[in-house]
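These are my notebook entries on a structure that I looked through element by element. I record what I looked up and what I found.

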Amino acid sequence: MSAVGRVQQWATFGRMWYLFDAKWQNPFHSADKIKDILTGTHKPIYHDLNDCGDHVVVINSSEIALPGVEWEKRVYFHHTGYAKGASWTLAWQLHHKDPTMILRKTVYSKLSKNLLRRGRMEKLHIFPDDKIPDSILENVSAQLRQMRPIPKRLDHYTREEVEKFPKVFDWPKDYIIK
Amino acid sequence: MLSALNQTRHIHVSSPVSLKEIVVKEEDNIITVEGKYIKSPREALLVKPEHGECNSCSLCALNLNLKHTDVLVLSQFVRSDGCMLPKRVTGLCARQQKRVKWLVAMAQKSGLMPNLAPSWSKRDPKARYRSKKYNRYFDESTLPV
């Protein structure tokens, strides 16, 4: 085998580590993307019996954004198995207890339900903030594109930017600005 | 109502309202004191619609696809305490006024305009109560107008 062919072979079967910044991202849409990489379906060599999934490192999972009123309306169900053991936890309560849990549970539910599921979950590394141990960060070689733009707050613009921005209407002549 | 711009009063007891300025003229032993309207600071920055003058309201004329994340536009319709300006001030049509009202509410719930809030506000979205402190976004296509 030629030198180029050998490198191609390594690159094909090498494991990639992707970084994903979950800041202001919808966890349910992001999970669709992360699931594909954990299973390896984005690769041409994918096969059901082929273990070719890549690692995903998710940062800032505490700053995920949910649409509309989903923080209050989405409910996570758990049953202990005993009588009266049912419990319902709202999304914001779950996020308050563990800021990585919503993303982890979403990816887990989107993975195919077979014996490979737990092994694929082991390739997912979620961190609530942007502090990653060096042992993980040194493997990262690529980044996943964010699905939503991060909105900029009004108080993060400079005073000049706000004042110089084109105006849509002018106040009436006798209007006292508050 | 009259602001003392003849450079005599530098300390204001109440907040200054720069609506008019006092112009003192002296001609042939006749002193004329006049209250003149001051030019609006927005006048030079106003956007002209593409097709010239028309009867529609300013937002209809611009034909913008406004999102709740466009805080630089939405903050123009809001007072410093976060209240929406009335229709007689904004000059919008009923449809656009309603739409802007909802977009402003969305931006405020997302915590994108924390500096335009009542004086007792903590002004930090992360310090809000329970579920309100977490990031959320909205879909404008769900608006009825």
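This is a predicted model: local features need pLDDT of at least 70, side-chain atom pairs count only at pLDDT 80 or more; totals for chains, interfaces and linings use all residues.

**Entry 1. Val47(B)**

I first looked up Val47(B), which lies in the loop between β3 (30-37) and α1 (58-62) of chain B. Is Val47(B) buried, partly exposed or exposed? Val47(B) has a relative accessible area of 33% and is partly exposed. I then listed what Val47(B) touches, not counting residues up to four places away in sequence: Pro166(A), Lys167(A) and Leu62(B). I also checked Val47(B) against Leu116(B), which is 69 residues away along the chain; their C-alpha atoms are separated by 23 Å.

**Entry 2. Chain B as a whole**

I read chain B along its sequence and noted the pattern β-β-β-α-α-α-α-β. That chain has four helices and four strands. Of the 145 residues in chain B, 32% are buried. I also looked at contacts in chain B between residues at least 6 apart in sequence, and 46% of these join residues at least 24 apart.

**Entry 3. Nonpolar cores**

I next asked which residues have the most contacts inside the largest nonpolar core. They are Leu59(B), Leu66(B), Leu74(B), Phe77(B), Val100(B) and Met113(B), in a core of 30 residues. The most comes from α4(B), which gives five residues.

I followed Leu74(B) in detail. Leaving aside neighbours within four places in sequence, Leu74(B) is in contact with Leu66(B), Lys67(B), His68(B), Val100(B), Leu103(B), Val104(B) and Ala107(B).

**Entry 4. Helix packing in chain A**

I looked up how α2(A) packs with helix α5 (residues 101-110) of chain A: the angle is about 55° and the axes are 9 Å apart. That angle makes α2(A) oblique to α5(A). The crossing of α2(A) past α5(A) is right-handed. On the α2(A) side, I recorded Pro27(A), Phe28(A), Ala31(A), Asp32(A), Ile34(A), Lys35(A) and Leu38(A) as making the contact. On the α5(A) side, the contact is made by Ile102(A), Leu103(A), Thr106(A), Val107(A) and Lys110(A).

**Entry 5. Salt bridges**

Side chains of opposite charge can pair when their charged atoms come close. For this count I needed the cut-off: a side-chain nitrogen of Lys or Arg within 4 Å of a carboxyl oxygen of Asp or Glu. I recorded eleven salt bridges over all chains.

Arg15(A) forms one with Asp51(A), with the closest N and O atoms 3.0 Å apart. This pair links distant parts of the chain, 36 residues apart. Arg15(A) is in the loop between α1 (3-13) and β1 (17-21) of chain A, and Asp51(A) is in the loop between α2 (27-39) and β2 (55-59). Arg15(A) counts as partly exposed because its relative accessibility is 39%, whereas Asp51(A), at 52%, counts as exposed.

I then looked up Asp36(A), which forms a salt bridge with Lys35(A), the closest N and O atoms being 4.0 Å apart. Asp36(A) is partly exposed at 32% relative accessibility, and Lys35(A) is partly exposed at 22%.

The side chains of Glu163(A) and Arg159(A) also meet in a salt bridge, at 3.4 Å from N to O. These two residues are four apart in helix α8 (residues 159-164) of chain A, so about one helical turn separates them. Glu163(A) counts as partly exposed at 40%, and Arg159(A) is exposed at 67%. I noted too that salt bridges with shared partners join Arg15(A), Asp51(A) and Lys123(A) into one network.

**Entry 6. Positive phi values**

Lastly, I checked two residues other than glycine for positive phi. Asn60(A) has a phi near 55° and is found in the loop between β2 and β3 (66-67) of chain A. Asn60(A) is buried, with a relative accessible area of 9%. Arg130(B) has a positive phi of about 45°, and its place is in the loop between α4 and β4 (136-137) of chain B. Arg130(B) is partly exposed, with a relative accessible area of 45%.

Note on methods. Residues are numbered from 1 along each chain as its sequence is written. Chains are lettered from A and ligands numbered from 1 in the order in which they are written. Side-chain values use heavy atoms; hydrogens and water are left out. Buried means under 20% relative accessible area, exposed over 50%, partly exposed in between (1.4 Å probe, protein chains only). A nonpolar core is a set of buried Ala, Val, Leu, Ile, Met, Phe, Trp, Tyr and Cys residues joined through side-chain atoms within 4.5 Å. Contact means heavy atoms within 4.5 Å. Axes are lines fitted to C-alpha atoms, for helices over the stretch in contact, and angles run from 0 to 180 degrees between N-to-C directions. Angles under 35 degrees count as roughly parallel, over 145 as roughly antiparallel, 65 to 115 as roughly perpendicular and the rest as oblique. A crossing is left-handed if the near helix is turned anticlockwise from the far one by less than a right angle, and right-handed if clockwise.
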